[in-house]
Amino acid sequence: MSKTKEEDHEKVIDDYSRQSGLLVLAFAPIASAQTVWSVDSHKVKTGSRQLSRQTGGKDYRRWPVPNGEAYAIVKDSAFHNGAVDVELAGRPADGAFGSARGFIGIAFHLRNAQFEYIYLRPTNGRADDQVRRNHSTQYSAFPNFSFADSRQQAPEKYESYVDLEPSVWTRYRITVEGTKARLYVHGADQPCLIVNDLKLGDSSGSVALWIGPGTEGYFTGLEIKVAK
């Protein structure tokens, strides 16, 4: 079976990111009534910046970052079961390679350099190519279950469509219970992605703000609700 155009794009992303990544993580200003989280950066540049339709580009840096390894760990965020709510916005960074999608999401159960994550591809949400639209959301586990692994082992099982736009604030919520996770977008009552077999099992660990290769990502209003 021949590869689709979207699979070819993803292959380019994976190959490119192993050479050099253009990665930016920016936090939107947080209202005083909200909890202000401290983070430890892992192979990303972090800072506070207003979200606008244009990228800045002046203070970006290039350095080798394998795909999946750019994130900011939320300090003291021990998480097993519960929910993570946030508003986020992602887009291809200024100067990023042509196949960048603005990958952005939340990683969880991060421990001993392993984690699970559910992310969005904002530029896929309104693409003219239906295959790209079908790949608007994604579940993966690092380091042993990438998007390439999921498409080979269980095509379409760990991806779905949801309406997205780059550079637009998006309400994002994940719930985790045991080995099950659900993704809710735009405040919907029903999940747009269901994962019934989390690859790290019934696990626990930190929460992290995650971005992919060539992405400028914004986060605000983060809430972590731990189930008792």
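1. Serine 150 and helix H3. In this predicted model, serine 150 belongs to helix H3, which spans residues 147-153. Its relative accessible area is 1%, so serine 150 counts as buried. The side chain of serine 150 comes to 2.8 Å from the backbone oxygen of phenylalanine 147. Leaving aside residues up to four places away in sequence, serine 150 touches Gln138, Phe145, Pro155 and Tyr158. Serine 140 lies 10 residues from serine 150 in sequence, and the C-alpha atoms of the two are 7.6 Å apart in space.

2. Phenylalanine 145 and its partners. Phenylalanine 145, one of the residues touched by serine 150, has a relative accessible area of 5% and is therefore buried. The charged end of lysine 199 sits over the ring of phenylalanine 145, at 4.8 Å from the ring centre. The whole structure contains 10 aromatic pairs. One of the tilted pairs joins phenylalanine 145 to tyrosine 139, with 6.3 Å between the centres and 40° between the planes. Tyrosine 139 is likewise buried, at 0% relative accessible area.

3. Other aromatic residues. Phenylalanine 115 and tyrosine 117 are both buried. Their ring centres are 5.2 Å apart and their planes meet at 55°, so this pair is tilted. Both residues belong to one aromatic cluster, made up of Tyr71, Phe103, Phe115, Tyr117, Tyr119, Phe142 and Trp210.

4. Threonine 137 in strand S9. Threonine 137 is part of strand S9, which covers residues 137-142. The relative accessibility of threonine 137 is 0%, so this residue counts as buried. Its side chain is joined to that of serine 160 by a polar contact of 2.6 Å. Beyond residues up to four places away in sequence, threonine 137 touches Tyr119, Leu120, Arg121, Tyr158, Glu159, Ser160, Val162, Leu183, Cys192 and Leu193.

5. Strands S6 and S15. Is strand S15 largely enclosed or left open by the rest of the structure? Of the 12 residues of S15 (residues 215-226), nine are buried, so the strand is largely enclosed. Strand S6 (residues 82-92) pairs with S15 in the antiparallel sense over 10 bridges. Within this pairing, leucine 88 stands opposite phenylalanine 219 in S15.

6. Nonpolar cores. The largest nonpolar core has 36 residues, of which Ile106, Ile118, Tyr139 and Tyr172 touch the most other members. Apart from this core lies another, of 11 residues, including Phe103, Ala107, Tyr119 and Ala208. Which residues does tyrosine 172 touch, not counting residues up to four places away in sequence? They are Val84, Asp85, Val86, Leu88, Gly105, Ile106, Ile118, Leu120, Leu183 and Tyr184. One of these, Leu88, is the residue that stands opposite phenylalanine 219 in S15.

7. The chain as a whole. The chain contains three helices and 15 strands. Of its 228 residues, 50% count as buried. Among contacts with a separation of 6 or more, residues 24 or more positions apart account for 71%.

Technical notes: Residues numbered from 1 in each chain as written. Predicted model: local features only at pLDDT ≥ 70, side-chain atom pairs only at ≥ 80, totals over all residues. Heavy atoms only, no water. Core = buried A, V, L, I, M, F, W, Y, C linked by side-chain atoms within 4.5 Å. Buried < 20%, exposed > 50% of the residue type's maximum accessible area, 1.4 Å probe, protein only. Contact = heavy atoms within 4.5 Å. Pairing = 2+ DSSP bridges. Helix = DSSP H or I, 4+ residues; strand = E, 2+ residues; numbered from the N terminus. Polar contact = N/O pair within 3.5 Å; in protein donor to acceptor, adjacent residues only side chain to side chain. Phe/Tyr/Trp six-rings, centres within 6.5 Å; stacked < 30°, edge-to-face > 60°. Lys NZ or Arg CZ within 6 Å of the ring centre and 35° of its normal.
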